[in-house]
Amino acid sequence: MAKTTTQTAKPETLLDIRNLRIEATVYPPGEAPKAVTLVHDVSLTLKRGKVLGLIGESGAGKSTIGLSSMAYGRGGVRITGGEIVLNGRDILKVGAGGIRKLRGREVCYVAQSAAAAFNPAHKLMDQVVEASLLHGVATRAEAEKRAKALFKKLSLPNPDTIGERYPHQVSGGQLQRVMTAMALCSEPDLIVFDEPTTALDVTTQIDVLAAIKDAIRDTHVAALYITHDLAVVAQVSDEIMVLRHGRLVEWGGTRQIIKEPRQEYTNALVSVHEIEHHEQKAEGAPFLSVKNVTAAYGGGAVKVLKNVSVDILPGQTLAVVGESGSGKSTLARAITGLLPPEQGTVTFDGRPLANRLADRPKEDLRQLQMIYQMADVAMNPRQTVGTIIGRPLEFYFGMRGAERDRRVTQLLDEIEMGKGFADRYPAELSGGQKQRVCIARALAAKPKLIICDEVTSALDPLVANGILKLLLNLQQQENVAYLFITHDLATVKSIADSIAVMYRGEVVRYGSKSKVLTPPFDAYTDLLLSSVPEMEIGWLEKAIAGRRMESAGN
Amino acid sequence: MSFPILKLIAQRIALGIVLLFAVSILIFVGTQILPGDVAQSILGQAATPQALANLREQLGLNDPAYIRYFRWLGGVLTGDLGTALTSGQDIASSIWPRLENTLFLAGCAAVVAVPLAIILGLLAVRYRNGPIDKIISAFALASTSFPEFFIGYLLVYFFAVKWQVFPAISTVFDGMPFLQRLQAVVLPATALTLVVLAHMMRMTRAAILNVMQSAYIETAELKGLRPFDIIRKHAFPNAVAPVVNVVMLNLAYLVVGVVVIEVIFVYPGMGQYLVDHVAKRDVPVVQAVGLIFAAVYIVLNIIADIAAILANPRLRHPK
């Protein structure tokens with residue numbers, strides 16, 4: 001897979017972006033359209049065969065800058081200033097035909113969600129070799145041969161036949177690797193990786209990350225690696241560029257950025273996960289017990305919970321961790337009655353809860369509230385924040401008029417948002433604010449238990465941190481218990497009092513936080529813990545070498 | 001082909017058959033509650049009460065409705081559609097050549113209209129919101145907005161009367177050479193094409209535009225594909241299901257909705273036949289034609305359903 005000798009003739013600097021300015025037109029509700037600048041005069045250079053990590057929160061302009069190297073503006077975004085010199089020429093001046101010639105040939109793209117980025121109507125192989133055939137890089141037979149070699153290199157199962165499958169027949173982690181193979185197939189000079197592992201489970205992420213890293217090393221392709229996770233980018237990059245609000249914050253070698261950040265913002269990113277949370281002692285009787293619950297979808301056809309038992313103590317947090325498909329969310333559905341268990345019971349305050357949601361009295365409904373991962377879709381976009389938070393007040397307590405408004409204002413204060421937000425619509429809020437409104441809505445019912453289903457997964461680390469702190473404060477004030485579902489172990493450490501580790505529908509490890517996180521570990525907990533990226537150069541190789549079992553997603 | 005997909009298809013077909021029976025009941029009931037008496041309309045105003053009673057007895061009109069329904073249904077299932085009251089002829093043998101004619105006309109219109117609509121739809125997406133898109137939309141909408149008889153007469157005025165390139169009356173007969181037959185139906189087929197074009201074109205455009213938002217379209221763009229190739233290769237295959245549905249609805253309209261066009265061009269098809277016999281209150285003929293039209297609708301919709309199932313790779317290639 002080594003590059004041919006023609007490359008030595010090409011300039012040493014592959015990509016040179018100078019004073020890049022990118023704008024977009026936004027259409028705020030009720031106002032005239034206006035132009036906003038997404039990227040302010042950012043410059044970067046990338047040498048042949050090197051990897052530059054672009055990191056920052058959402059809205060930092062990382063993807064926008066990454067895609068500009070292909071002269072592409074997503075969703076009406078316009079490149080309005082600067083130069084993008086690729087292989088010695090400014091690609092903003094080569095015209096539409098010239099741009100088409102470099103896309104898929106000189107620069108390829110790996111998207112965040114390969115599941116969405118593959119066309120469901122075509123076989124994987126047809127899509128993988130498409131760019132090579134289009135640009136005349138290889139004949140079909142050559143391209144397929146190369147694709148199969150790449151599948152093998154990326155340690156995909158059945159490399160010779162996986163190309164005959166359709167995207168929906170392949171798991172998310174595998175698709176992400178197929179997409180990497182697709183990008184490598186036409187032997188480009190540069191690959192833009194846009195959060196390629198963010199949508200994956202931690203145990204799958206580590207495999208994909210290792211595969212990508214090996215592929216980059218062996219093919220000498222240069223890469224822009226975009227992510228919001230510093231620990232991930234530290235594993236693959238030579239250099240890291242920190243971006244915020246479309247401006248450059250800091251640019252330096254990987255070691256310097258993670259060990260000796262010069263800017264305060266970089267420092268905040270580096271130390272973001274650390275919340276000191278002292279575990280509460282497991283004292284007193286649990287108010288909610290899940291006993292030997294078995295649940296299944298499709299009338300018993302697919303068992304997703306097998307004999308699960310957990311207890312929740314008043315005012316404490318039980319964290320449920322596991323990969324996707326391990327049954328975490330199904331446990332929440334069984335507790336709330338959305339999916340009536342086939343066997344086992346859920347007891348609340350010493351009496352069994354009705355299995356089915358429809359059979360539960362209003363009072364039981366009030367005591368169990370939920371917060372979801374996608375705050376956007378959990379709120380009615382046509383209702384104001386005041387209406388959304390006020391609804392449980394009306395429904396459970398019959399509050400009306402001024403009394404209700406007073407309580408809404410109180411709740412808005414508790415989530416640190418203030419009265420002014422009562423008349424806003426969800427669309428006017430940021431991701432973190434939306435999640436806060438959902439928290440207030442759950443709190444409004446004065447429940448004993450709030451089930452938090454991946455509530456911070458869709459948020460930027462700093463914002464997620466704020467939400468976690470808020471949840472911890474509210475727990476102290478209101479003495480509410482949490483069932484905290486997550487796949488992120490860093491979050492678990494910050495918030496849990498006790499932990500249940502789930503694997504394929506079973507609880508494989510359960511106890512107080514200190515007990516669960518202290519060795520000796522069972523094989524799965526070990527895998528899970530060792531897969532969480534650490535901000536340490538060389539962590540990836542160590543973690544791969546030390547693993548005792550394969551991840552389920554492989 | 002695998003088991004679940006066969007089951008789905010079998011379900012659709014079974015459902016279609018059930019629907020056809022339901023429609024046959026509706027048609028029967030509908031014609032029964034129409035005012036008037038078959039015996040009276042056969043014998044005319046001057047008939048004696050005795051003659052009427054005899055004829056009713058002879059036609060079985062005194063039997064309960066459900067017995068008459070099953071007698072009719074039994075006939076239909078064995079290919080016997082009954083005899084026309086007005087002419088005394090066997091309905092089945094007079095319907096077949098007319099059905100053939102109607103299908104020929106509808107087929108000619110479809111062969112032009114369907115590919116044209118889809119290509120125009122693709123072009124409209126390629127040049128969306130630009131002048132080409134607007135012109136295509138305006139033309140298609142205008143042609144749909146005119147009533148079909150108006151389009152028919154416009155065509156007759158220009159092509160038959162003024163320029164005299166095509167006949168105004170579409171006479172076809174048995175043993176007519178294919179090319180002549182084709183020439184005879186040019187004007188009615190054009191009128192039909194113009195009527196159904198816009199609906200299919202707009203739907204194709206909307207279905208593809210919907211797909212154009214997908215992430216895999218971006219993937220294709222970033223591979224350097226040409227815009228039209230992206231639409232053709234990556235967007236269209238994922239928009240097939242809604243497009244097939246609207247195409248089938250319009251094909252059904254071509255067969256069933258030709259009534260007006262056939263009358264304008266005096267074309268000897270099912271529509272003409274239906275209109276003639278409605279005017280003469282010939283209930284068995286109306287029932288037979290109604291049932292055939294319903295069958296055409298149902299069959300085409302089943303085909304659309306099956307095509308949509310087959311177009312879905314998740315159903316074609318299960319995990």
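Which side chain of chain A meets B:Lys223 in a salt bridge? In this predicted model, the partner is A:Glu130, with a distance of 2.9 Å from N to O.

**View 1. The salt bridge of B:Lys223 and A:Glu130.** The side chains of these two residues meet across the two chains, and the count of salt bridges between chain B and chain A is 3.

**View 2. The interface of chain B and chain A.** On the side of chain B, 21 residues are in contact with 26 residues of chain A. The two chains bury about 2,200 Å² between them, and 56% of this area lies on carbon and sulfur atoms. Within chain B, the residues that lose the most area to chain A are B:Glu218, B:Leu222 and B:Lys223, which together account for 30% of what that side buries.

**View 3. Helices of chain B that touch chain A.** At least two residues each are supplied to this side by α9 (215-222), α10 (227-235) and α15 (313-316) of chain B, and the largest share, 6 residues, comes from α9(B). By residue class, the side of chain B that touches chain A is made up of 8 nonpolar, 5 polar and 8 charged residues.

**View 4. A nonpolar surface patch on chain B.** The patch covers about 1,000 Å² and includes B:Phe146, B:Phe149, B:Tyr157, B:Trp163 and B:Val260. Helix α7 (residues 148-162) of chain B gives the most to the patch, with 7 residues, and B:Tyr157 has its place in this helix.

Definitions and conventions. Residues are numbered from 1 along each chain as its sequence is written. Chains are lettered from A and ligands numbered from 1 in the order in which they are written. This is a predicted model: local features need pLDDT of at least 70, side-chain atom pairs count only at pLDDT 80 or more; totals for chains, interfaces and linings use all residues. Side-chain values use heavy atoms; hydrogens and water are left out. Contact means heavy atoms within 4.5 Å. Buried area is the accessible area (1.4 Å probe) that two parts lose on being put together, summed over both. A salt bridge is a side-chain nitrogen of Lys or Arg within 4 Å of a carboxyl oxygen of Asp or Glu. Helices (H or I, at least four residues) and strands (E, at least two) are DSSP runs, numbered from the N terminus. Ala, Val, Leu, Ile, Met, Phe, Trp, Tyr, Cys and Pro count as nonpolar, Asp, Glu, Lys and Arg as charged, and the others, Gly among them, as polar. Patches are made of residues with over 30% relative accessible area and no salt bridge: like charges are joined within 9 Å, nonpolar side chains (Val, Leu, Ile, Met, Phe, Trp, Tyr) within 5 Å. Accessible areas come from the Shrake-Rupley method with a 1.4 Å probe; for residues, only the protein chains shown count as cover.
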